[in-house]
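We will go from stop to stop, with a note on what to pick and what to look for.

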Amino acid sequence: MEDIGRGKRATKVYSLDEVAIVPSRRTRGPDQVNLSWKIDAMSFDFPFVAAPMDSVMSPATAIEFGRLGGLGVLNLEGLWTRYDDPTALLDELAGIDDQMAATKRMQQVYAEPIKPELIAERMKQIREAGVPVAGSLSPQMTQQYAAAVVATNPDFFVIRGTVVSAEHVSDTVEPLNLKKFIYDLDVPVIVGGCATYQSALHLMRTGAAGVLVGFGGAATSTTRQVMGIEVPMATAIADVAEARRDYLDESGGRYVHVIADGSMGTSGAIVKALALGADAAMIGAPLARATEAPGKGWHWGSEAWHDTLPRGRRVRFNTVGTMQEVLVGPSTIPDGTMNLVGALRRALASTGYTDAKEFQRVEMVLR
């Protein structure tokens, strides 16, 4: 703890930019590295989850992400569950450069009600492609649309919000009881975000299969400017990883996966997140650079179109290649935005580790 003047103390925290990994005396060939990730009963070729953001995930890109070996998550409060065919609206949004005009137009198009039948149709489309099926709702919408999601028999149900707690207090609406909700479900749940040891421990006690660390949408979020809330990802991941270890003992061996969600814009950030204790990374910004991205180079999260208090902005990225090139290469840009899997594989090989779990023991330094 450090003093902020005479009347307040604060914890010293670190972002991912302030830490780095250190090579050991041993190196390995990249061919010896195994990046497979298993959560609940599902196995994936690499530990990446596609963020449920309309700018990167459509049914088609969720299918492509799954075909390549990861877990694509569709935003079930997005344009694909509000409109039969939102492509014209996505084209329209891509043509708006002015930030204020874009926010106003997004507030208008996202005012269209969510249609349960479209939730079923989109999830069925992904299921029929033969890849893992996952959909995301915010805590505020979970009770209203959970039945429609569960009826599609998804492989994962993601509950994702800016700040998610195991206990929400309200005088106006019936709060979501996460522990009861997850207990009653026959679908593994991934829930978050959280940023502290205590909040993560509470979420793990609800029975979640995975916990999201961070508030997501780091490249697009203005939560720090609007609400003064910010997640120092290096410290947050390390704290939540410690909560996972303590919960493992407390529960008698139940392992909850820690998924870094926010500031995952480059392969280097992903590498450091796993070194700090994350089991996987939820990525958005790198996928917004893919030619298949629905946002056509623009990237935004759900906070950007909030009807009364937008806390996000659209960010413009240059398209660098196909989704396959972004994920597994080959890369043509030396800045960590392409071949994310190859970069992670080489980082483990360069530090002498053969899998991501073992890599969590790697030495780290503060810059």
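Predicted model: local features only at pLDDT ≥ 70, side-chain atom pairs only at ≥ 80, totals over all residues.

**Aromatic pairs**

Stay with these two side chains and show their rings. A pair of aromatic rings is described by the distance of the centres and the angle of the planes. The model has 7 aromatic pairs. In the pair of F157 and F181, the ring centres are 5.8 Å apart and the planes stand at 85 degrees, over the 60 degrees that the label requires, so this pair is edge-to-face. Now colour by secondary structure: F157 belongs to strand 10 (residues 156-160) and F181 to helix 6 (residues 178-184), so the pair ties together parts that are 24 residues apart in sequence.

Next, select Y353 and F359. Their ring centres are 5.8 Å apart with the planes at 75 degrees, so this pair is edge-to-face. Y353 is buried, at a relative accessible area of 13%, and F359 is buried too, at 0%.

For a group of rings, pick W37, F44 and F156, which form one aromatic cluster.

**Arginines over rings**

Now select R289 together with F317. R289 lies over the face of the F317 ring, 4.0 Å from its centre. Then move to R314 and W298, where R314 lies over the face of W298 at 3.8 Å from the ring centre.

**Backbone stops**

Switch to a backbone view. Which peptide bond next to a proline is cis? Select G329 and P330: the bond from G329 to P330 is cis, with omega near 5 degrees. P330 sits in the loop between helix 12 (323-328) and helix 13 (340-351). Another cis peptide bond runs from G192 to G193, with omega near 20 degrees, and G193 is part of strand 11 (residues 189-194).

S263 has phi near 65 degrees and lies in the loop between strand 13 (257-261) and helix 10 (267-275). S263 is partly exposed, with a relative accessible area of 36%. K296 has phi near 55 degrees and is placed in the loop between helix 11 (285-288) and strand 15 (298-299). K296 also counts as partly exposed, at 43% relative accessibility.

**T337 and its surroundings**

Return to the loop between helix 12 and helix 13 and select T337. What does the side chain of T337 make a polar contact with? Its partner is the side chain of D335, at 2.6 Å. T337 counts as buried, at 4% relative accessibility. Leaving aside residues up to four places away in sequence, T337 touches G265, R289, V320 and V326.

**Helix 13**

For the last stop, select helix 13 and draw a distance between its end C-alpha atoms. With 12 residues at 1.5 Å a residue, helix 13 should span 16 Å, and the ends are 17 Å apart, which agrees. Show the side chains next: among the buried residues of helix 13 are L340, V341, L344, A347, L348, A349 and T351. An α-helix has 3.6 residues a turn, so residues three or four places apart point the same way. Finish by stepping off the end: just after helix 13, G352 takes a positive phi of about 90 degrees.

Methods:
Residues numbered from 1 in each chain as written. Heavy atoms only, no water. Phe/Tyr/Trp six-rings, centres within 6.5 Å; stacked < 30°, edge-to-face > 60°. Helix = DSSP H or I, 4+ residues; strand = E, 2+ residues; numbered from the N terminus. Buried < 20%, exposed > 50% of the residue type's maximum accessible area, 1.4 Å probe, protein only. Lys NZ or Arg CZ within 6 Å of the ring centre and 35° of its normal. Expected span 1.5 Å × (residues − 1). Polar contact = N/O pair within 3.5 Å; in protein donor to acceptor, adjacent residues only side chain to side chain. Contact = heavy atoms within 4.5 Å.
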